[in-house]
Amino acid sequence: MSLKSKTESVFFCSSCGYESKKWMGQCPACGEWNTFSEEAVARVSSKASVGAAARGNVKAVSLSEIQSDEEIRMDTGFTELSRVLGGGIVPGSLILVGGDPGIGKSTLLLQTAANMTAAGKKVIYISGEESLRQIKLRADRVGSISDGLKFMSETNIDLITEVLEREKPDLAVIDSVQTMYTSEAQSVPGSVTQVRECAQRMMMCAKTNEIACFLVGHVTKEGTVAGPRVLEHIVDTVLQFESGDQFGYRLLRSAKNRFGSTNEIGVFEMSSEGLKEVKNPSEYLLEGRPKNATGAVVTCLIEGSRPMLMEVQGLAAETQYGLARRQANGIDYNRFTMLLAVLSKRCGLNLSNIDAYVNIAGGMKVTQPSADLAVVASVISSFKNIAVAEDTVIFGEVGLSGEVRSVPQVNERIKEAVKLGFKRVILPKVNLKGLKKYDGIELCGINFISELFALL
Ligand code: TYD
Ligand code: MG
């Protein structure tokens, strides 16, 4: 039976994939300007596309009719990556890895592919960006890779899915989805139609053949290439690979995960032999910390399921040019100014002609209010010129009346502090209730921020 199809042209927003019959200056879905471009699409009439054989054979089932083996996850060989995925790769799942160019997506996936091959899995790595010779150059840098890992340099998704259906690997890597095309869509590779079509193809192929698949997606600032946002709805998991900027380490976050939590982060470091895991980020983040410097305070946050110690640096200096400056790096500016207001109102600290700065060392970003108390302490410490003892960890949320409010997962935070040799924790007093006893660490509970003055 021949399918009735006709070609028409449609405008797509290259930022979010919104579809429109006519050109628009601003996208009504995502609000971006000048992102619409015209693409030809083939429309298949919907009645004709349902095969006659399928009619009458489709039925809904109840849960007990669905067979499920115990959940099997494949280990990636990187504990950081496996944790972010929620405990490993679910067979047949589609994982999108996004990130700026040069951040290390190809390297991460090549190493993962190598690890999994070494663990006896069948893996095919498909690159549309690099020739086989270029892949080999990279592979030589990251160490010995067994011959079991197969490579392809190909951009036609129809040919790729054909190979995958024949070979049925456990894992396929597509680097990158923007370079792929199918001859059935008529626009250029990287356009919204092509990207969406290719991702859809890969999903069909992955689900029917139980092939887990990593898709690399580019993000460009100009929005010329279809952003992975179109893809986010199609795939099971979206991972974001980002850098802590000039600090050499890379953070892996999940923005969407059908099979796990999205709070987890993985920490990697780029070396001359590829990516290395940073298993104890607290140690890494506190490395090279100044001893007995005023304004430096260590706090403990929970990132996903893991406690992480980091350093908050505050600076309070007399204003030179009239208007007092406030600057916050790594924490929300409004939160910072609110904490300063609480500090001046509730503790009588006159900050009106004081420049106040706060910075989270290592380029980390903090969004949790449990860092509040450490921020307050760092400003007090710098203002009063008294160094906080270097073996002290401070955490707690601060409210508008200057009260110190409870935070979750206190035991995990204290354990991390004990592990790294800290001797004293300043925390919300309400959190002391029902807390376990810890040897070798003093717990100072406080109710109001004014009590900090006596403790620093
Ligand atoms: P790459 O994985 O190609 O990034 P992406 O695929 O996200 O564009 O990584 C490129 C960068 O990583 C490049 O700047 C070189 C650096 N790199 C190393 O420092 N060490 C290595 O062993 C490798 C393979 C790359
Ligand atoms: Mg790459």
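This is a predicted model: local features need pLDDT of at least 70, side-chain atom pairs count only at pLDDT 80 or more; totals for chains, interfaces and linings use all residues.
Residues are numbered from 1 along each chain as its sequence is written, and side-chain values use heavy atoms, without hydrogens and water.

The largest nonpolar core comprises 45 residues; such a core is a set of buried (under 20% relative accessible area, 1.4 Å probe, protein chains only) Ala, Val, Leu, Ile, Met, Phe, Trp, Tyr and Cys residues joined through side-chain atoms within 4.5 Å. Phe-336, Leu-373, Ile-394 and Leu-452 have the most contacts inside this core. Among the elements giving two or more residues to the core are β13 (296-303), α9 (333-347) and α10 (372-384), with helices (H or I, at least four residues) and strands (E, at least two) taken as DSSP runs numbered from the N terminus. The greatest contribution, 7 residues, comes from α10. A second, separate core of 31 residues includes Ile-95, Leu-149, Val-173 and Leu-275.

In the whole structure, 18 salt bridges were found, each defined as a side-chain nitrogen of Lys or Arg within 4 Å of a carboxyl oxygen of Asp or Glu. One of them joins Glu-19 and Arg-196, whose closest N and O atoms are 3.8 Å apart. Because Glu-19 lies in strand β2 (residues 19-20) and Arg-196 in helix α6 (residues 192-209), the pair ties together parts 177 residues apart in sequence. Salt bridges with shared partners also link Glu-80, Arg-83, Glu-264 and Arg-306 into one network.

Technical notes
Chains are lettered from A and ligands numbered from 1 in the order in which they are written. Buried means under 20% relative accessible area, exposed over 50%, partly exposed in between (1.4 Å probe, protein chains only).
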